[in-house]
Amino acid sequence: MKIIEMTATFGCLDHAVLRPGEGFTLIMANNESGKSTWAAFLRAMLYGFPPRDRDKAGYLAEKNRYQPWSGAPMEGSLTLEWQGRRLTLRRGPKGTTAWGAFSAVWTATGENVEGLTAETCGETLLGVSREVFERTAFVEQGQMALTPSSHLEMRVAALATTGEEDVSFSQVERRLKDWLNRRKVNSRVGLIPQLEGELSQVEEAISQQGDLLRRSQEALQEKESLEQEKAALEARLQAHKAAGAARQAERRSQAQADFNAAQAQLTAAEAAVKALPDAEILRQAQGDLRYLNTLESNLKLAEKDIPQARQQAEQTRQDADSDPWFPGQDPAQAAAQAQSHRDQAEALGKKAPSPLLLFLLPLLATAAMTLYCYLTYSADVLTSAPWYAGVQLFAPPLFLLTGAAVLILLLRRRKKRAALAALLAQYNAQTPGEILDRSAAYGKKVAAAQEAARRLQSVEDQRDKLAAQKEELSDRLLRLVYPFAPEVTNLFGVSTALSRALQQEEGYHLAKARAEAAEKLLSALPAPESGGALPFSPAAAPEGDPALLSRELAAVTAHLSQASDESARLRGRLSSLGDPTELEARRDALTEQLALRRGEFDAISAALEGLKAADSLLRERFSPAVNEKAGIYLSALTGGKYDAVTLTRQFQALAKETGETAPHPDLALSGGAAQQLYLAVRLAMCDLALPGADPCPLLLDDTLDAFDDHRAKLALNCLLDLSKTRQVLLFTCHTREEKMLEGQPVTIIK
């Protein structure tokens with residue numbers, strides 16, 4: 001079989017097309033470009049997705065892993081050459097199933113290929129199951145090693161014997177071991193141990209029946225003896241109960257009399273307090289009465305403080321009214337006036353430069369004019385007038401004007417000093433600041449007068465308030481006691497009435513408590529029984545202590561209960577063991593079944609030993625061929641370093657180095673050598689398990705990644721030889737393979 005063309009919308013592939021050559025095809029692509037996806041697509045086109053494949057932790061099912069990244073439906077087609085004709089496979093979505101639609105048609109005619117279904121497609125075209133294909137001709141990236149497979153085992157057995165592939169050694173061995181384990185796994189599990197245990201139980205039950213029957217009779221006799229003893233004790237206790245009932249009736253009669261007397265006292269006390277307010281109100285009234293005395297004391301103190309407060313208010317008012325500087329003014333007006341006069345005084349008292357300094361002006365002007373005339377003097381002017389003639393003309397008037405101005409300023413300065421002195425004298429002050437001090441002192445006098453007036457008003461208000469409270473509280477107390485003491489007219493009578501009322505309340509509550517206690521005592525005593533008192537004769541007093549008799553009766557009752565339970569338990573055990581005749585029959589049947597199962601166990605053990613011998617014989621026929629073929633391939637792949645391969649029953653490969661005697665397991669080899677070992681085994685399996693005139697293609701995904709350049713070259717030569725008989729597809733992400741294959745008959749796709 002050869003692959004002609006693949007078209008895929010699958011994973012990262014979107015309507016991508018791949019056309020490999022007939023022999024060796026090298027597909028080169030970078031990482032994440034879809035090499036492994038193409039390999040998975042080919043397997044999915046041939047075999048579909050595993051039906052039980054599910055997502056789990058760290059793993060995505062294939063049908064979910066390869067959903068198209070573009071969001072388009074998952075679909076694809078595969079054109080093959082099979083048995084000399086071309087056919088086309090198509091898969092795609094069907095309803096909600098992503099890979100449910102399938103068709104297989106002959107490419108030339110479009111007719112359906114009979115017998116080719118979605119389930120049987122891969123096995124029909126390649127001649128092997130999916131498990132065999134994945135362990136031989138399909139090499140996934142990083143999946144070079146072989147794992148045990150019953151399908152591959154059946155394929156090997158078919159090649160070694162008759163060609164039938166419906167059974168494998170591991171399946172038959174597992175079935176025989178299951179049968180063997182069903183009969184006997186160990187001393188506790190299996191049909192044989194179960195039968196042995198059941199037979200032992202039956203024999204034990206037969207031996208127990210005699211013992212249980214004897215013990216049951218003994219328990220019945222003990223029960224009858226205890227019942228007689230119990231009846232005698234109950235009769236003696238009944239006599240004590242009758243005597244106690246008589247005494248109880250006498251105590252109840254006395255309790256009834258006490259209760260009646262207490263009820264009479266309660267009725268009288270209740271009539272006495274019927275018109276009284278609640279006790280809490282009476283106690284609150286006594287508190288109000290005590291508070292009334294406190295109010296009277298506070299009222300006397302307030303009236304005593306009023307004359308002193310009135311005198312102080314009058315004195316401070318007179319001090320404020322007699323102020324010599326601000327009479328009749330309020331503090332704000334006085335402060336405003338003082339501030340205004342203080343500002344005037346400061347303005348009048350400011351010092352100005354001496355007016356005599358003005359004489360400097362004419363002096364400076366005369367000097368300047370003299371200097372100017374001297375510097376500008378000429379000869380012709382000298383013949384007519386002296387050079388200082390100008391100075392003589394202007395200097396006198398200038399000095400006269402300056403003197404007049406100085407005189408005016410001196411007169412104004414004297415007037416301001418007189419006004420300042422008059423203003424300070426008005427307040428008897430030496431400085432302008434003392435004017436504000438006079439205003440501040442006046443403000444303090446007014447504030448003191450106002451505070452004294454407020455205190456007087458407060459004392460008078462307090463007195464009036466206390467007087468009103470006294471009057472209101474007195475009226476309220478008199479109104480409270482009037483219903484039960486109308487003769488009371490003063491507070492002393494109120495106090496007496498309240499005390500008498502509280503005593504009556506306490507007497508009522510005491511009578512009520514006595515009545516309740518008598519009622520409780522009467523209720524605690526049991527009433528006479530409806531059938532009358534038990535017959536009791538004082539001359540025939542019962543013997544024994546009732547408490548001791550009760551304890552003896554309790555002990556006998558407990559023993560009787562235990563004896564009854566033991567008798568019932570023994571009868572139950574006898575009943576549960578069954579009829580002795582049936583037990584004997586059951587023992588005989590179990591003995592017969594046990595002999596049968598032991599015979600089956602021996603037969604299955606012999607069959608298992610025979611199966612192992614047959615498997616060894618088959619492996620002797622097939623394993624040498626696999627090992628020999630794999631050794632040839634491994635020698636070619638390693639340049640002759642290893643020349644022999646051994647494959648165990650668990651499909652673990654071992655390699656023997658040339659010249660040595662002991663083989664090395666795959667775990668003892670380097671990563672690259674281990675991959676070369678399993679590649680040799682897979683190629684040998686392909687030759688032996690997948691032969692035929694139309695062999696299936698060999699697909700390798702980044703298989704040579706761990707090979708060094710030398711062994712990669714050897715592997716490529718080996719694959720070239722293999723491509724002469726079957727199609728080979730090698731995916732790689734490197735460029736060295738292309739260089740190594742230069743000049744060879746290879747199809748290279750980039």
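Trainee: Which residues lie nearest the centre of the second largest pocket?
Mentor: A pocket here is an open set of points on a 1 Å grid over the protein atoms alone, where a 1.4 Å probe fits, with protein on both sides within 12 Å along at least five of seven lines; lining residues have an atom within 4 Å of a point. This pocket is lined by 21 residues. Nearest its centre are Ser36, Thr37, Arg65, Tyr66 and Gln141.

Trainee: What kind of model is this, and how are residues numbered?
Mentor: The model is predicted: local features need pLDDT of at least 70, side-chain atom pairs count only at pLDDT 80 or more, and totals for chains, interfaces and linings use all residues. Side-chain values use heavy atoms, without hydrogens and water, and residues are numbered along each chain as its sequence is written, from 1.

Trainee: What is the volume of the second largest pocket?
Mentor: Volume means the space filled by probe spheres set on the points, with grid points joined across faces, edges and corners. For this pocket the value is about 440 Å³.

Trainee: Which element gives the largest share of the lining of the largest pocket?
Mentor: That pocket holds about 520 Å³ of space. Of its 18 lining residues, Tyr47, Gly48, Phe49, Pro50 and Pro51 are the closest to the centre. Two elements give two or more residues, α2 (62-65) and β6 (97-106). The largest share, four residues, comes from β6.

Trainee: Are α8 and α14 roughly parallel or roughly antiparallel?
Mentor: Axes are lines fitted to C-alpha atoms over the stretch in contact, and angles run from 0 to 180 degrees between N-to-C directions. Helix α8 (residues 279-321) packs on α14 (residues 491-524) at about 150 degrees, with axes 10 Å apart. Angles under 35 degrees count as roughly parallel, 65 to 115 as roughly perpendicular, over 145 as roughly antiparallel and the rest as oblique. The pair is therefore roughly antiparallel.

Trainee: What is the handedness of the crossing of α8 and α13?
Mentor: Their axes come within 7 Å and cross at roughly 155 degrees. A crossing is left-handed if the near helix is turned anticlockwise from the far one by less than a right angle, and right-handed if clockwise. This crossing is left-handed.
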